[in-house]
Amino acid sequence: MSIVEVAKQRFTTKAYDPEKKLTPEQHQQLLDLLRFSPSSLNLQPWHFFVVTSDEGKAQILPGIREFNAAKVQNAAMVVVFATVNQLDDQHLAAVHAQETKDGRFKDQASADAQDKGRRQYIEAFTGDDESKRHWLEHQAYISLGFLLLGAPALGLHATPIEGFDPEKMDEVLGLKEKGLHSLVVASVGFNSEKDFNATLPKSRFSEQDVITEL
């Protein structure tokens with residue numbers, strides 16, 4: 001199935017089958033989708049809390065709105081997307097060190113130029129602390145998109161969940177102490193026969209309504 005066919009056939013799962021679990025291969029593939037998502041300047045300003053155990057689900061459930069609780073309890077995997085509170089020198093140094101380790105630079109001059117250019121861009125174009133925070137959060141939504149499209153390509157189903165309490169989620173995961181804050185949640189697994197959305201036709205505006213070619 002092509003990626004376009006996946007996009008046309010995927011749907012947001014409303015009910016999961018709690019009896020079906022991920023294979024180790026599926027589990028790892030989902031982690032890879034998250035980790036290899038693109039981000040501006042390769043900053044990777046995120047941390048993904050991946051929950052598959054009943055104990056883990058019970059831990060995050062207080063941060064989930066009641067109408068989304070079943071999606072968390074019955075899904076094979078739940079991901080809490082968190083982003084860094086601020087882009088400090090420690091994070092920038094860690095990104096640069098990883099790029100160096102992975103062999104992205106031909107010499108030290110190239111490495112220094114990349115580091116300098118990244119820092120100059122952030123200083124010049126990302127605005128004040130609040131604007132920078134929003135910019136970093138946008139990067140995590142890219143990884144959410146990868147997961148929502150990648151999951152059905154693996155024969156799975158997924159649900160984006162913004163119906164949660166960020167403050168409570170931050171509390172139960174101890175995110176403040178980690179310099180992080182929660183942004184969005186997604187569940188992944190196998191839809192059940194009770195999933196009414198699985199049989200409904202997809203509804204989108206026409207190409208003429210939403211696309212202008214110049």
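I take buried to mean under 20% relative accessible area and exposed over 50%, with partly exposed in between. The model I examined is predicted.

**Entry 1: a surface patch.** I looked up Ile211 and found 47% relative accessibility, so Ile211 counts as partly exposed. Ile211 lies in the segment after α10 (207–210). Together with Phe205 and Val210, Ile211 makes a nonpolar surface patch of about 350 Å².

**Entry 2: helix α5.** I then listed the buried residues of α5, which are His91, Leu92, Val95, His96 and Glu99. Viewed down the helix axis, these fall within an arc of 135 degrees and therefore line one face. They pack against β2 (77–84) and α6 (108–125). On the face turned away from the buried side I noted the exposed residues Gln90 and Lys101. Just after α5, Gly103 has a positive phi of about 80 degrees.

**Entry 3: salt bridges.** My search of the whole structure gave five salt bridges. In one of them, the closest N and O atoms of Asp89 and Arg119 are 2.8 Å apart. Asp89 belongs to α5 and Arg119 to α6, so this pair ties together parts 30 residues apart in sequence. I found Glu99 buried at 4% relative accessible area, and Arg118 buried at 3%.

How values were computed:
Residues are numbered from 1 along each chain as its sequence is written. This is a predicted model: local features need pLDDT of at least 70, side-chain atom pairs count only at pLDDT 80 or more; totals for chains, interfaces and linings use all residues. Side-chain values use heavy atoms; hydrogens and water are left out. Patches are made of residues with over 30% relative accessible area and no salt bridge: like charges are joined within 9 Å, nonpolar side chains (Val, Leu, Ile, Met, Phe, Trp, Tyr) within 5 Å. Accessible areas come from the Shrake-Rupley method with a 1.4 Å probe; for residues, only the protein chains shown count as cover. A salt bridge is a side-chain nitrogen of Lys or Arg within 4 Å of a carboxyl oxygen of Asp or Glu. Helices (H or I, at least four residues) and strands (E, at least two) are DSSP runs, numbered from the N terminus. Buried means under 20% relative accessible area, exposed over 50%, partly exposed in between (1.4 Å probe, protein chains only). The arc is that of the directions from the helix axis to the C-beta atoms. Contact means heavy atoms within 4.5 Å.
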